[in-house]
Amino acid sequence: MTATPDQPHGASDDDELVLSPSEAAAHNSAMRISGAATGERSTRKALASIVLGFELIIVVLIGLTIFGLGITDPRWLGLVIGGVLALLCVVSLATIRFGEVGIRLGWVTHALMLATAFILPAALFVGGIFTALWVYCIVRGGKIDEQNAALRAQQD
């Protein structure tokens with residue numbers, strides 16, 4: 001394996017990125033959810049599905065925290081809040097491959113998650129982090145998709 005001047009030491013033309021089994025499974029799942037099986041490969045949708053998947057765990061934990069602390073009256077309302085947000089995440093994930101429906105539902109999910117800060121102020125911190133991550137993934141994923149489309153147009 002010989003390195004050329006523009007390659008780092010130890011790298012060659014035949015080096016390829018090798019994913020671990022768990023990384024490959026996560027990549028394949030994100031691509032399937034984002035619609036790659038239909039021929040459309042959208043980095044924006046793949047990143048959005050990853051964020052929504054992690055957010056699903058967080059909204060359930062927010063609901064359990066509201067319930068556990070007994071902040072709402074009746075107490076079980078915390079479970080309902082977490083359940084509704086979790087259901088919205090699942091529906092967003094299920095519809096993300098169909099045009100912009102899943103992305104729009106993702107925005108609604110983030111707005112509602114931020115609204116839980118009126119009940120549980122600590123949710124503003126977590127919601128803010130996930131909303132910032134969501135915005136970054138949507139914007140950056142869109143730019144990557146535009147660059148990929150330009151490259152495909154040049155190749156054709």
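**View 1. Met-113 and its contacts in the predicted model.** Met-113 touches Glu-55, Ile-58, Val-59, Ile-62, Leu-85, Gly-127 and Phe-130, leaving out residues up to four places away in sequence. Met-113 belongs to helix α4. Its relative accessible area is 0%. Buried means under 20%, so Met-113 counts as buried. Glu-55 lies 58 residues from Met-113 along the chain, yet their C-alpha atoms are separated by 9.5 Å.

**View 2. His-110 in helix α4.** Helix α4 covers residues 101-115, and His-110 is found in it. Is His-110 buried or exposed? His-110 is buried, because its relative accessibility is 1%. A polar atom of the His-110 side chain lies 2.7 Å from the backbone oxygen of Gly-106. Setting aside neighbours within four places in sequence, His-110 contacts Val-51, Leu-52, Glu-55, Phe-130, Thr-131 and Trp-134.

**View 3. Helix α4 packed with helix α5.** Helix α5 spans residues 122-155. The axes of α4 and α5 are 9 Å apart, at an angle of about 160°. Angles over 145 degrees count as roughly antiparallel, so α4 is roughly antiparallel to α5. The crossing of α4 past α5 is left-handed. From α4, the contact is made by Ile-103, Gly-106, Trp-107, His-110, Met-113 and Leu-114. From α5 come Leu-124, Gly-127, Gly-128, Phe-130, Thr-131, Trp-134, Val-135 and Ile-138. By class, the contact of α4 with α5 has 9 nonpolar and 5 polar residues. No charged residues take part in the contact.

Key
Residues are numbered from 1 along each chain as its sequence is written. This is a predicted model: local features need pLDDT of at least 70, side-chain atom pairs count only at pLDDT 80 or more; totals for chains, interfaces and linings use all residues. Side-chain values use heavy atoms; hydrogens and water are left out. Helices (H or I, at least four residues) and strands (E, at least two) are DSSP runs, numbered from the N terminus. Buried means under 20% relative accessible area, exposed over 50%, partly exposed in between (1.4 Å probe, protein chains only). A polar contact is a pair of N or O atoms within 3.5 Å; within protein, one must be able to donate a hydrogen and the other to accept it, and residues adjacent in sequence count only if both atoms are side-chain atoms. Contact means heavy atoms within 4.5 Å. Axes are lines fitted to C-alpha atoms, for helices over the stretch in contact, and angles run from 0 to 180 degrees between N-to-C directions. Angles under 35 degrees count as roughly parallel, over 145 as roughly antiparallel, 65 to 115 as roughly perpendicular and the rest as oblique. A crossing is left-handed if the near helix is turned anticlockwise from the far one by less than a right angle, and right-handed if clockwise. Ala, Val, Leu, Ile, Met, Phe, Trp, Tyr, Cys and Pro count as nonpolar, Asp, Glu, Lys and Arg as charged, and the others, Gly among them, as polar.
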